[in-house]
Amino acid sequence: MPPRPAASPLPDDAGDPRLAASWRRLQASDYDVAPVLDDGVTGEWPGDLPGRLILGLSRLAAVTGGEPRQLGTLVDALPGRLNAAGYLGTAHRGAVDEQQLAGHGWLVSGLLAHHRLTGEERSRELALGMVEGLFLPAAARLPAYPRRRPGDDSGGGASGSLVAEGGGWRLSSDTYCVFIALEGLVTAYAATGDRASADAVEALARLVDRDDLVAARAQLHATLTAARCLHDFHELTGSRGALATARRLYDLYAAYGRTANAATWNWFGRADSWTEPCAVTDSLILALGLWRTTGEVRYLDDAHAIEHNGLGHAQKPHGGFGLDTVTGPGRPWLSNVHMDAAWCCSMRGAVALAEVRERGYRVLPGGPDAEPDAGSGLNARPDTVSVDLPRDGTTRLDLPGGRLVLRQRTGWPVTGRTELEVLRSSVAGRVRFVFPLPSWADPAATRTTAGGRGAVVEAPGVLLAAPAAGDRYTVEFPVRTRATQESDDGRAAALRHGSLLLGALPGAGAGADAGPALPAELEPVHPGRARYRCGDVELAPVRDVFDGTGQAAAGHRSRVLFDT
């Protein structure tokens, strides 16, 4: 778990329809306590379903201020279902079950999130007992973990299953899902600083570095969980090795496991499979983390694309997250495969929504010894507020020099206009406000307006001000359509409105075998929603599937790649 952000979202009149829909979905009857716990004890993934649900509900509650109806009851019922060693499922005396380790990665993380939300010490004790009883003994077995091979994934479906045994390990078709144990171990280390947990993290990191994950057709969810958790471990410890591994895995995902709409393949090398919103969530959180650490704008560009195109298309109108087709060169059509991956993705998607709400702002402490900000390169001696993910809402920010309450109104990602209004301020000195521009934005065409006492514009998207109630700061840049190359040979391209991927909707001129050529002249038909027309073909952001009906989402199909 990386250090928590200094920004706290507050209830706001604008609301967030995606958060609200996810909240409703996770409180439906199929997530009642009894079936969830039964699955967590007797299912193929011990601990997984209750862990993901506790984590998702706790994270949503933290950003919405709501009280999930079943969360407390679920946590209260856990102790009565644990085995003698303190965890769920069978206490295996022989081979280690990697699906059990993965499932408890979510359960440990979920219980610690519940502890942060409520302060209940029992949740923390349960989580740390699982680390002691399950994870630490299993970590001693990691050197014998077998090298996985192509084909190990062939027996698996959308939810993996145990398919083999070797080296004292029960192995899953979700290849290398053992990596998901890092979710529990890193979160436990963040809570305790315990050396034994850190040693187990480092043992798993050696396994991550040992094998060629692309050649072995590793599952992307497992791979990106490893990368995300190792980045978190770097933020906690400064480990350069953990950061190097996180960056290497991110590059492998970007090169071999990312779809045209910034979702993820289920396995490396398996274009015949489907996307996996759990892995989309991992990639989004990791991209934001690498942006924080490195300041490289490519990671922030990716985070915008993943949020709006990968996650945005995966969330369906009922609030759950579903599986879609794998798009890319030779696979131009994006459509639904499974509307609601209730066993995993609908819970992980909730975490992604909470994460982007919490990570909308970064606070960079100032002071005489402060380092320059990696993103802007500017001297950070004043406290700095960076608006990383524009979205409507009201947020409290705790700066070293005082507290700010900001209301944000933005047209992003359809327009490039974002306005901050200071509602309250106890900050005595000046604050630098940074609005990071996407790589495709034109700084020369960016207008930055600083209203308030002694406010000055330092650069496009950067201003220095002594914030007081009533001050307003505005940044605006043009957002236009653009074509991007999507294949190494330059023969496939996508159309985008800024960060939004556009899909051609089937109709009079866009049948299954028609309309492969890149549209040339686009006529705006709904500028406020980035919708266009080219002849008989309508193009709309792929994320708009969320705004329709469930029936329309189930049958939705759009062309996202075109011939050049």
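Reader: Which elements each supply at least two residues of the lining of the second largest pocket, and which one gives the most?

Author: This is a predicted model, in which local features need pLDDT of at least 70 and side-chain atom pairs count only at pLDDT 80 or more, while totals for chains, interfaces and linings use all residues. Residues are numbered from 1 along each chain as its sequence is written, and side-chain values use heavy atoms, with hydrogens and water left out. At least two lining residues each come from H10, H12 and strand E17 (481-485) (helices, H or I, of at least four residues and strands, E, of at least two are DSSP runs, numbered from the N terminus). With four residues, the most is given by H12.

Reader: Which residues that line the second largest pocket are the closest to its centre?

Author: A pocket is an open set of points on a 1 Å grid over the protein atoms alone, where a 1.4 Å probe fits, with protein on both sides within 12 Å along at least five of seven lines; lining residues have an atom within 4 Å of a point. The second largest pocket holds about 760 Å³ of space. Of its 30 lining residues, the closest to the centre are Ala-254, Arg-258, Thr-259, Glu-486 and Arg-496.

Reader: Which element gives the largest share of the lining of the largest pocket?

Author: The largest pocket has a volume of about 940 Å³ and is lined by 38 residues, with Gly-15, Asp-16, Pro-17, Arg-18 and Arg-391 nearest its centre. Helix H1 (17-25), helix H3 (48-64), H12 and helix H13 (345-358) give two or more residues each to this lining. The largest share, five residues, comes from H1.

Reader: Is His-338 buried or partly exposed?

Author: His-338 is placed in strand E6 (residues 333-338). Setting aside residues up to four places away in sequence, His-338 touches Gly-322, Leu-323 and Trp-343 (contact means heavy atoms within 4.5 Å). Because its relative accessibility is 34%, His-338 counts as partly exposed.

Technical notes: Buried < 20%, exposed > 50% of the residue type's maximum accessible area, 1.4 Å probe, protein only. Points joined across faces, edges and corners; volume = space filled by probe spheres on them.
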